[in-house]
Amino acid sequence: MQKLLIAYATRAGSTAQVAEFMGKVLREAGLQVDVMPVKQVRDLSGYSGVILGSPIRMGSVLPELIRFVKAHAQTLSRLPLAYFNVNLTLMDDTPEARAIVDSYFNPLRVICAPLRVGAFAGKMDYARLNSLLRFLLARDRDQIPEGDWIDWQAVRQWTLELLPLLQGERTSA
Ligand SMILES: Cc1cc2nc3c(=O)[nH]c(=O)nc-3n(C[C@H](O)[C@H](O)[C@H](O)COP(=O)(O)O)c2cc1C
């Protein structure tokens, strides 16, 4: 049976939650799925499709995800591949915000083009940040309130729409 990989980077845990949820949705659809941090992935052999996710910090996906895509670019270019990011720009889901979060995929796109990308609003939980970040962000707390904006229905829909792509053959890089 074909097996899919969902690998993610995270700092405060919300991207991991989104990745685990995607895994649950795909397993419920009858697929075999491994979900793990990118740092734990040693080998892509045995996977027939890959989903890679990262939060956005300071306008960028996390460096370990970029390193991962670089290191495995040749293999990834032959597999059905999708990227997702988790951000707070989509707290306010406007066309402008969509354009911004889409541009965050560009550093990944130039290494390995995906079949699909998805961007989702995440969470801000100050208790999960280290003390330096809490201090630095304290004066912005009005603009960046604490909260949970994850739209699980949107994540489910994106994942299910991905299903036929992940199960298909990759014809172009
Ligand atoms: C220090 C810091 C910087 C961030 N920078 C951005 C940013 O540039 N753009 C954005 O949309 N969200 C930004 N966010 C919001 C995160 O993407 C959001 O909180 C996400 O859910 C975090 O994912 P994680 O829990 O997997 O680490 C930032 C959050 C923190 C704590």
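Trainee: Why is L52 called buried?

Mentor: The class rests on a count: a residue is buried if 20 or more other C-beta atoms, placed from the backbone, lie within 10 Å of its own, exposed if 12 or fewer, and partly exposed in between. L52 has 26 other C-beta atoms within 10 Å, and therefore it is buried. This is a predicted model, in which local features need pLDDT of at least 70, side-chain atom pairs count only at pLDDT 80 or more, and totals for chains, interfaces and linings use all residues. Residues are numbered from 1 along each chain as its sequence is written.

Trainee: Where is L52 found, and which residues does L52 touch?

Mentor: L52 is found in strand β3; strands (E, at least two residues) and helices (H or I, at least four) are DSSP runs, numbered from the N terminus. Two residues are in contact if their C-beta atoms lie within 7 Å. Not counting residues up to four places away in sequence, L52 touches A7, L65, V69 and Y83. L115, by comparison, is 63 residues from L52 in sequence and 12 Å away in space, C-alpha to C-alpha.

Trainee: What else does L65 contact?

Mentor: Besides L52, L65 is in contact with A9, V38 and S54, leaving aside neighbours within four places in sequence. L65 is also named, with I6, M22 and F120, among the residues with the most contacts inside the largest nonpolar core, which has 42 residues.

Trainee: What makes a set of residues a nonpolar core, and which elements supply this one?

Mentor: A nonpolar core is a set of buried Ala, Val, Leu, Ile, Met, Phe, Trp, Tyr and Cys residues joined through C-beta atoms within 7 Å. At least two residues each come from β1 (3-8), α1, β2 (32-37), β3, α2 (63-71), β5, β6 (116-121) and α7 (152-167).

Trainee: Is V18 buried or exposed?

Mentor: V18 has 27 other C-beta atoms within 10 Å, so V18 is buried. Its place is in helix α1, and its contacts beyond four places in sequence are G53, V86, F120, I150 and V155. I150 is 132 residues from V18 in sequence, yet their C-alpha atoms are 8.3 Å apart.

Trainee: How do you know that the length of α7 agrees with its number of residues?

Mentor: The expected span of a helix is 1.5 Å times one less than its number of residues. The 16 residues of α7 should therefore span 22 Å, and the end C-alpha atoms are 23 Å apart, which agrees.

Trainee: Which residues of α7 are buried, and what covers them?

Mentor: V155, W158, T159, L162 and L166 are buried. The cover includes β1, α1, β3, β5 and β6.

Trainee: Why do D34 and E64 count as partly exposed?

Mentor: D34, in strand β2, has 14 C-beta neighbours inside 10 Å and so falls in the partly exposed class. E64, in helix α2, has 16 and is therefore also partly exposed. Beyond four places in sequence, D34 touches K3 and L5, whereas E64 is in contact with A9, V38 and K39.

Trainee: Why does M58 count as exposed, and what is its phi?

Mentor: M58 has 4 C-beta neighbours inside 10 Å and is therefore exposed. M58 lies in the loop between β3 and β4 (60-61). Its phi is near 50°, a positive value in a residue other than glycine. Most residues other than glycine have a negative phi.

Trainee: How many residues surround the ligand, and what is the make-up of the shell by class?

Mentor: The ligand is surrounded by 20 residues, each with its C-beta atom within 6 Å of the molecule. The closest are S14, T15, P55, N87 and G122. The shell has nine nonpolar, eight polar and three charged residues; Ala, Val, Leu, Ile, Met, Phe, Trp, Tyr, Cys and Pro count as nonpolar, Asp, Glu, Lys and Arg as charged, and the others, Gly among them, as polar. β3 gives the most, with three residues.
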